[in-house]
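Hi,

Here is the structure I promised to pass on.

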Amino acid sequence: MAEFDTTNPLAAALPAKVHSVHGKPVPRLKSQELMQQSRELEIDHEGRIYRLRVTQLNKLILTA
């Protein structure tokens, strides 16, 4: 089983089971856990703000 950084604020949401891409483990989150009852959230990636939102058709859109 893969080890995860427990200092990550999303560590509590990380699943016990992970999937593999190119032999490396990839954590999987449920969108409901990530969105936390909201339809929109902001992600700060290296100082640039991205917006993740759920559309009326229940699709995810990520914009810069």
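Arginine 51 and glutamate 40 form a salt bridge, with 2.3 Å between the closest N and O atoms. (A salt bridge here is a side-chain nitrogen of Lys or Arg within 4 Å of a carboxyl oxygen of Asp or Glu.) The pair joins distant parts of the chain: arginine 51 sits in strand β4 (residues 48-54) and glutamate 40 in strand β3 (residues 40-45), 11 residues apart. Helices (H or I, at least four residues) and strands (E, at least two) are DSSP runs, numbered from the N terminus.

Before you read on, please keep in mind that this is a predicted model: local features need pLDDT of at least 70 and side-chain atom pairs count only at pLDDT 80 or more, while totals for chains, interfaces and linings use all residues. Residues are numbered from 1 along each chain as its sequence is written, and side-chain values use heavy atoms, with hydrogens and water left out.

Back to the charges. Arginine 51 also forms a salt bridge with glutamate 42, where the closest N and O atoms are 2.8 Å apart. That makes two salt bridges in the whole structure, and they link Glu40, Glu42 and Arg51 in a network. (Buried means under 20% relative accessible area, exposed over 50%, and partly exposed in between, using a 1.4 Å probe and protein chains only.)

Next, the backbone. Glutamine 36 is exposed, with a relative accessible area of 60%. Asparagine 58, in the loop between β4 and β5 (60-63), also has a positive phi, near 65 degrees, without being a glycine. Asparagine 58 counts as exposed at 61% relative accessibility.

Finally, the chain overall. It has one helix and five strands, in the order β-β-α-β-β-β along the sequence. Of its 64 residues, 9% are buried. The chain exposes about 5700 Å², and carbon and sulfur atoms supply 52% of that; the areas come from the Shrake-Rupley method with a 1.4 Å probe, and for residues only the protein chains shown count as cover.

Cheers
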